[in-house]
Amino acid sequence: MTRLICAPMATLSHEAFRHAIEKFGGCDEYFTEMINASSLLNMGPFEKYYLMSGPCPEKIVWQITGNNAQTMAEASVVAASQGGIGVDLNMGCSAPQIYKTGAGIAWMLKSLEQTRDLVRQVKKALVEYEKQQDGRHVRLSVKCRLGAEDFTESSFFDFTDMLIDEGVELITLHPRTIKEKYRGLPKYEYVQKLEERVSVPVILNGGITDAASAEYALTKAPSCTGLMIARMAAQKPWIFSEITKHLNGENKKQDSVDCQALALEFIDDVLKYQPPEFYKTRLQRFFAYFCQNFKFGHYFQTQMLNAKSVEESQERVIDYFLKQPDDRFITY
């Protein structure tokens, strides 16, 4: 059975967002948004919100980012102490503000030995932690891309072979290069090649927007263990349910989404599970995607992005569906 996984997304992959997805049956694993290793170790006023694991702590994977091996090793243990499935090292983020600091995909651009040292230190720290916890296992995984624009198949597989040699137990591959961002279809054939090469599960990430695209990706990488979905989970929190029904041959079974109720419940959950300083960015990021479902989505999106308070956001949700009642319910 193909596993379905919610991707790590800055300002999105938090507890309130997971509640929205769980309303439709959820998914198999939830990666957290990137947790900066240095910030976590300093334990500032907001770090506790990155360590929240509800509503299903047993499905959580903590994603750690940073540019220093020792710091990331120490932060991995702090995150692992909160429970969950394991720790994921971010080696795929191609945002300039991330990789130019030496984090994210920069780990794929450094020397193989430098990145090997990072993985080795993290693995060693987690193994030592496991011994102190009577053997509770903490899975170590890596999320990566193909590498630089001039990557070669040989250099990519040298990199992934190193990950396996150093104890990485799962790889998520977004098969695009650093500059491709989201242009064109991902090179799914590399997911299949990687799955055939390594002894650990491989998760396919990129280009999944609905049940049909999920099925297409699986025809190109039929051996992959699972599918990771990012931004489309914000537009359609029910997408995991939609894909599950399709893969199980239950297409004739229809479910309905009350989009007004979903939007208002999400706002309520942001109030419950995020600090006031985060309200604006968390609401703006979610509604930038969610509003794309509707006939007058651009207008709705603009209204939500310009809301000056949480109360105004709630009022604008209600106002939109009063004006556009046909948009309120979506059947899938």
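**Notes on a predicted model**

1. Please keep in mind throughout that this is a predicted model.

2. The buried residues of α7 are T115, R116, L118, V119, V122, K123, L126, Y129 and E130. Seen down the axis of α7, these buried residues fall within an arc of 160 degrees, so they line one face of the helix. The face turned away from that buried side carries E113, K124, K131 and Q132, which are exposed. After the helix comes D134, whose phi is positive, near 55 degrees.

3. What covers the buried side of α7? The cover of its buried residues includes the helices α4 (69-80), α6 (106-109) and α8 (153-165), together with the strands β5 (86-91) and β6 (139-144).

4. Of these neighbours, α4 deserves a separate comment. Two packed helices are described by the angle between their axes and the distance between the axes. For α4 and α7 the angle is about 35 degrees, and the axes are 8 Å apart, while the crossing in which α4 passes α7 is right-handed. On the α4 side, the contact is made by A69, Q70, M72, A73, S76, V77 and A80, and on the α7 side by D117, L118, Q121, V122, A125, L126 and Y129.

5. Helix α4 also holds T71. Is T71 buried or exposed? T71 is buried, with a relative accessible area of 17%, a value that falls under the 20% cut-off for burial. Not counting residues up to four places away in sequence, T71 touches A37, S38 and L41.

6. The largest nonpolar core has 109 residues, and of these F17, L89, M91 and F287 touch the most other members. Helix α13 (residues 259-273) gives the most to this core, with 7 residues. When residues up to four places away in sequence are set aside, F287 touches A263, F266, I267, Q301, M304 and V317.

7. There is a second, separate core of 5 residues, which includes C93, A95, I98 and A103. A103 has its place in the loop between α5 (96-99) and α6, and at 5% relative accessibility A103 counts as buried. Leaving aside neighbours within four places in sequence, A103 is in contact with T65, G66, N67 and I98. The C-alpha atoms of A103 and C93, which are 10 residues apart along the chain, are separated by 8.0 Å.

8. In helix α9 (residues 189-197), the buried residues are Y190, V191, Q192, L194 and E195. The elements that cover them include α8, β7 (170-173), β8 (202-205) and α10 (211-220).

9. Strand β8 contains I203, which counts as buried at 1% relative accessibility. Which residues does I203 touch, not counting those up to four places away in sequence? They are I5, L170, I171, T172, L173, T225, G226, L227 and M228. The C-alpha atoms of I203 and T2 are separated by 9.6 Å, although these two residues are 201 residues apart along the chain.

Note on methods. Residues are numbered from 1 along each chain as its sequence is written. This is a predicted model: local features need pLDDT of at least 70, side-chain atom pairs count only at pLDDT 80 or more; totals for chains, interfaces and linings use all residues. Side-chain values use heavy atoms; hydrogens and water are left out. Buried means under 20% relative accessible area, exposed over 50%, partly exposed in between (1.4 Å probe, protein chains only). Helices (H or I, at least four residues) and strands (E, at least two) are DSSP runs, numbered from the N terminus. The arc is that of the directions from the helix axis to the C-beta atoms. Contact means heavy atoms within 4.5 Å. A nonpolar core is a set of buried Ala, Val, Leu, Ile, Met, Phe, Trp, Tyr and Cys residues joined through side-chain atoms within 4.5 Å. Axes are lines fitted to C-alpha atoms, for helices over the stretch in contact, and angles run from 0 to 180 degrees between N-to-C directions. A crossing is left-handed if the near helix is turned anticlockwise from the far one by less than a right angle, and right-handed if clockwise.
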